Amino acid sequence: MSGRELFCQPRRVRRGAALTLVFAGLLVTGAATGAFPDPGQSDRKTPTGAARAADRHDDVAKAAADAMADGKSPMEAAERAVSRSGDRWAAVYSEGEYQEFEEALDGQYTGVGLWARRERDGRIEVTKVQAGSPAATAGIRKGDRLRSVDGADVDGRPVTDVVSLLRGDATDARAGTTVTLGLERGTRAWTETLRRALLSTDSVTVRKLSAGITVIKISAFTKGSGELVRDAVRQAPADAGIVLDLRGNSGGLVSEAVTAASAFLDGGLVATYDVDGAQRALHADAGGDTARPLVALVDGGTMSAAEMLTGALQDRGRAVVLGSRTFGKGSIQMPTRLPDGSVAELTVGHYRTPSGHTVDGRGITPDLEVGSGALERAETVLSGLGDPS
């Protein structure tokens, strides 16, 4: 198992499997572009649905305000109200946790620049150190063993917990706070105190395979990632196919997923969605590469905006989808700021693929079920799709 600081969900996000970087910025983006129904018009268009959503948000906000007036925790009161709502994707975040989401959607995260994995014997091994990060400056290397974080032994712990300690999730740690790591390299054991920093992510990485195939890996749809995908497609060799690797993609900004879709489609429908019953559609821009052979890789960690992109490419016959069934989160959350600065997110709608398939709770079934060796299988499929010319 491996993990990275940015995409390790905070403790409240993991509860109830509300694994979303996904639509945290969706309604903000939609409001700015006019893609979403105006809240002031929703009551006239769909009074029943709008009232239900408004009531749910009002109930949570009122519970938080009442608790604050009584000298109790607004966040805990909001969590109880959210729990009563029966909304399985709803969640409440502290002000610091929500700031992490906003940073993540901007392609940033607070941490020290380490990737790690747990070995079979339970040891935590550093698998990558981000260039220019506090960890790199301290001389930490790939292959070093991480033994402790702030004095807490990490052997045998899930990588998600280790990453949470590195980030300081329990205290909403900000850039500039310190964290002390216990490390080991061969026979040498030492401690290193690092200052967390606001770091940029590598949400899109591109590499070439021996056959000239371009592999575009998207770990999440952060700000600017869609245009990076378009650039990668433009620069790919014209006589070879593309593998779009969406495995483990936890979602992100829907607008960026639509931009990524535009790299492979010549306009047309990407998805439909509803917000309190008001139906809307998302469309790709014209001019994408529709000829080059394309394979999309997915797995159980492919979520939300990544599922939306997968569904669009599959339904429109643009890509062969390989891997395993995706996670199955096709819902949209609306954030509400609470009196103490915390944020509650409640579900207000769902999206569907171009053919009208519901993703939420079902996921997307790949065209070819593949376990291990998915990339090798993708190469084989691309060779069978023929010359794009």
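Helix 10 and helix 11 are roughly parallel to each other, a description applied to angles under 35 degrees, with those over 145 counted as roughly antiparallel, 65 to 115 as roughly perpendicular and the rest as oblique. The structure is a predicted model, in which local features need pLDDT of at least 70 and side-chain atom pairs count only at pLDDT 80 or more, while totals for chains, interfaces and linings use all residues. Residues are numbered from 1 along each chain as its sequence is written, and side-chain values use heavy atoms, with hydrogens and water left out.

Two packed helices are described by the angle between their axes and the distance between the axes. For helix 10 (residues 254-262) and helix 11 (residues 305-315), the axes come within 9 Å and cross at roughly 25 degrees. Axes are lines fitted to C-alpha atoms, for helices over the stretch in contact, and angles run from 0 to 180 degrees between N-to-C directions. Helices (H or I, at least four residues) and strands (E, at least two) are DSSP runs, numbered from the N terminus. The crossing of helix 10 and helix 11 is right-handed, the near helix being turned clockwise from the far one by less than a right angle. Helix 10 contributes Val254, Ala257, Val258, Ala260 and Ala261 to the contact, and helix 11 contributes Ala305, Met308 and Leu309; contact means heavy atoms within 4.5 Å. These residues divide into 8 nonpolar, no polar and no charged.

An open sheet of mixed pairing is formed by 6 strands in the order 11-12-13-16-17-20, where two strands pair if DSSP finds at least two bridges between them. Strand 11 (204-208) and strand 20 (368-369) stand at the edges with a single partner strand each, so one side of each lacks a neighbour in the sheet. Within the sheet, strand 13 (residues 242-245) and strand 16 (residues 294-298) are joined in the parallel sense by 4 bridges, and Ile242 stands opposite Leu294 in strand 16. Helix 12 (residues 374-385) lies across strand 11, strand 12 (214-218), strand 13, strand 16, strand 17 (320-323) and strand 20, and runs at about 160 degrees to strand 16.

Leu294 has a relative accessible area of 2% and is therefore buried (under 20% relative accessible area; exposed is over 50% and partly exposed in between, with a 1.4 Å probe and protein chains only). Beyond its neighbours within four places in sequence, Leu294 is in contact with Ile242, Leu244, Phe264, Leu313, Arg318, Ala319, Val320, Leu382 and Leu385. The C-alpha atoms of Leu294 and Val320 are separated by 6.6 Å, although the two residues are 26 residues apart along the chain.

Strand 8 (178-185) and strand 9 (residues 188-195) run antiparallel and are joined by 8 bridges, with Gly182 opposite Thr191 in strand 9. The two strands form a hairpin with 2 residues between them, and Gly186 in the turn has a positive phi of about 65 degrees.

Positive phi values also occur in residues other than glycine. Asp150, with phi near 50 degrees, lies in the loop between strand 6 (145-149) and strand 7 (152-153) and is partly exposed at a relative accessible area of 47%. Asp172 has a positive phi of about 50 degrees; its place is the loop between helix 8 (159-167) and strand 8, and its relative accessibility of 21% makes it partly exposed.

Over the whole chain, the secondary structure comes to 12 helices and 20 strands. Buried residues make up 53% of the 389 residues.

Notes
Nonpolar A, V, L, I, M, F, W, Y, C, P; charged D, E, K, R; others polar.
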